Amino acid sequence: MNIDRTEKYIELTQRPLADHLEEIRERALSDGIPIIRPSVQGLLRFLMGYVRPENILEIGTAVGFSALLMHEYAPDARVTTIENYEPRLVKARENFDKYAGAGSKIELLEGDAAQILPELKDGGYDFIFLDSAKGQYITFLDDIIRLLAPGGMLVSDNVMQDGDVIESRYAVRRRDRTIHERMREYLREVSDSPYLESAVLPMADGVTVSYRKRD
Ligand code: SAH
Ligand code: MG
């Protein structure tokens with residue numbers, strides 16, 4: 001299946017994005033900044049309306065596109081989002097000031113998620129969107145489970161590593177093998193964890209959806 005064609009087609013079926021989101025998206029695409037693909041935009045729009053989360057945590061802000069999209073479709077939720085790359089932080093701050101407004105519901109935490117996650121509150125989030133460096137997902141998982149409220153949802157983007165995850169380690173370029181191994185480990189853990197119930201969705205670059213069991 002050709003992912004780009006599928007994504008373009010899916011985009012045509014969706015209601016247009018709000019003007020400011022479309023503007024940020026176009027600029028991000030032309031600046032080579034990664035943002036969630038149309039099918040994942042659709043999934044988050046859907047989940048915001050259906051789950052109606054109150055406290056969202058995002059790991060990997062980039063320039064704030066997905067944070068502003070979640071804010072658009074869950075306007076009452078507090079969105080906490082983490083980014084550590086200064087050039088992107090500059091643009092994210094700008095976009096949040098401009099489009100989330102004063103008394104903003106969006107809080108940008110600046111720094112490495114590996115340092116910030118341990119400081120956040122147990123069970124403090126009912127929706128977590130994981131979209132940072134793929135090689136780190138596995139190292140964040142214990143914290144993420146701790147941060148998720150019972151019944152809370154975790155969505156992880158880019159779990160297929162552009163299709164590499166399903167290939168044998170030997171079919172993957174040498175420099176991609178560490179990420180390959182770590183992402184496979186993440187998929188195993190997220191599927192096996194006694195705290196989570198998960199499904200792997202082969203959409204876009206691969207997405208997992210999980211919820212924290214109520215036990
Ligand atoms: N969610 C965004 C796209 C995120 S791209 C959107 O769809 O609009 C991934 C981002 O994660 C990059 O900007 C990268 O700088 C950031 N990142 C990667 N590892 C990180 C870490 N350990 N801590 C904080 N941010 C990280
Ligand atoms: Mg992504």
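I looked up Phe46 and Tyr50 and found both exposed (over 50% relative accessible area, with buried under 20% and partly exposed in between, 1.4 Å probe, protein chains only). This is a predicted model, in which local features need pLDDT of at least 70 and side-chain atom pairs count only at pLDDT 80 or more, while totals for chains, interfaces and linings use all residues. Residues are numbered from 1 along each chain as its sequence is written, chains are lettered from A and ligands numbered from 1 in the order in which they are written, and side-chain values use heavy atoms, with hydrogens and water left out.

I find 2 aromatic pairs in the structure (rings of Phe, Tyr and Trp, the last by its six-membered ring, with centres within 6.5 Å; planes under 30 degrees apart are stacked, over 60 edge-to-face, the rest tilted). Phe46 and Tyr50 are stacked, at 6.0 Å centre to centre and 10° between the planes. The rings of Tyr137 and Tyr186 have centres 5.3 Å apart and planes at 70°, so I note this pair as edge-to-face. Tyr137 is buried at 0% relative accessibility, and Tyr186 is likewise buried at 0%.

My search of the whole structure gave 11 salt bridges (a side-chain nitrogen of Lys or Arg within 4 Å of a carboxyl oxygen of Asp or Glu). Among them, Glu11 and Arg25 have their closest N and O atoms 2.9 Å apart; Glu11 is partly exposed at 32%, whereas Arg25 is buried at 10%. I also noted that Glu11, Glu22 and Arg25 are linked in a network of salt bridges.
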